[in-house]
Amino acid sequence: MYTQFEEKGKIFTNVVTKKPVLVIIQTTTHRIEGNIHVRPDLRLIDALKSDEPFLAVTEAAVYSGAGDEMLYETKFVSINQQHVIWVLPVDELMHNGGQE
């Protein structure tokens, strides 16, 4: 697990590279827009299927359930995955049958 030790006892670990994926998340009570960070070798669905009970979202905007009123903006929010109804990657968003 640990790869290097400094002579003063500091522990160095491997850096896990992740790419941000801009998403819209609908929960039972709110709509959230922000970034979910996914390892480059995984798909968004793989990150969502993890055993972690909470989903980390960065650069988040929290809206009312209908999505018409912004309630909060924050650099980080943790969402209980049991309350997630759907997740939509913004780069795959389509309007009126055509690519945006």
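**Figure 1. Residues lining the largest pocket of the predicted model**. Fourteen residues line the largest pocket, and Lys18, His37, Ala47, Ser50 and Leu55 are the ones nearest its centre. The space in this pocket amounts to about 290 Å³. Strand β4, helix α1 and strand β5 are the elements that each contribute two or more residues to the lining.

**Figure 2. The largest nonpolar core**. This core consists of 14 residues. Within the core, Ile25, Ile32, Ile36, Leu44, Leu55 and Val57 have the most contacts. At least two core residues come from each of β3 (19-27), β4, α1 (44-48) and β5. Strand β5 provides the largest share, with 4 residues.

**Figure 3. Surroundings of Ile25**. Leaving aside residues up to four places away in sequence, Ile25 touches His30, Arg31, Ile32, Ile36, Leu55, Val57, Ile79, Val84, Trp86 and Val87.

**Figure 4. The open sheet of 5 strands**. The strand order is β6-β5-β4-β3-β7, and the pairing is antiparallel. Strands β6 (70-80) and β7 (84-89) form the edges, each with pairing on one side only. From one strand to the next, the twist averages 30 degrees.

**Figure 5. Pairing of β4 with β5**. Strand β4 spans residues 30-38 and strand β5 spans residues 54-64; the two are antiparallel and joined over 5 bridges. His30 lies opposite Ser64 of β5.

**Figure 6. The protein chain as a whole, for orientation**. The secondary structure comprises 1 helix and 9 strands. In sequence order the elements run β-β-β-β-α-β-β-β-β-β. Of the 100 residues in the chain, 25% are buried. Taking contacts between residues at least 6 apart in sequence, 46% link residues at least 24 apart.

Note on methods: Residues are numbered from 1 along each chain as its sequence is written. This is a predicted model: local features need pLDDT of at least 70, side-chain atom pairs count only at pLDDT 80 or more; totals for chains, interfaces and linings use all residues. Side-chain values use heavy atoms; hydrogens and water are left out. Two strands pair if DSSP finds at least two bridges between them. Axes are lines fitted to C-alpha atoms, for helices over the stretch in contact, and angles run from 0 to 180 degrees between N-to-C directions. A nonpolar core is a set of buried Ala, Val, Leu, Ile, Met, Phe, Trp, Tyr and Cys residues joined through side-chain atoms within 4.5 Å. Buried means under 20% relative accessible area, exposed over 50%, partly exposed in between (1.4 Å probe, protein chains only). Contact means heavy atoms within 4.5 Å. On a 1 Å grid over the protein atoms alone, a cavity is a set of points where a 1.4 Å probe fits but cannot get out, and a pocket is an open set with protein on both sides within 12 Å along at least five of seven lines; lining residues have an atom within 4 Å of a point. Grid points are joined across faces, edges and corners, and a volume is the space filled by probe spheres set on the points.
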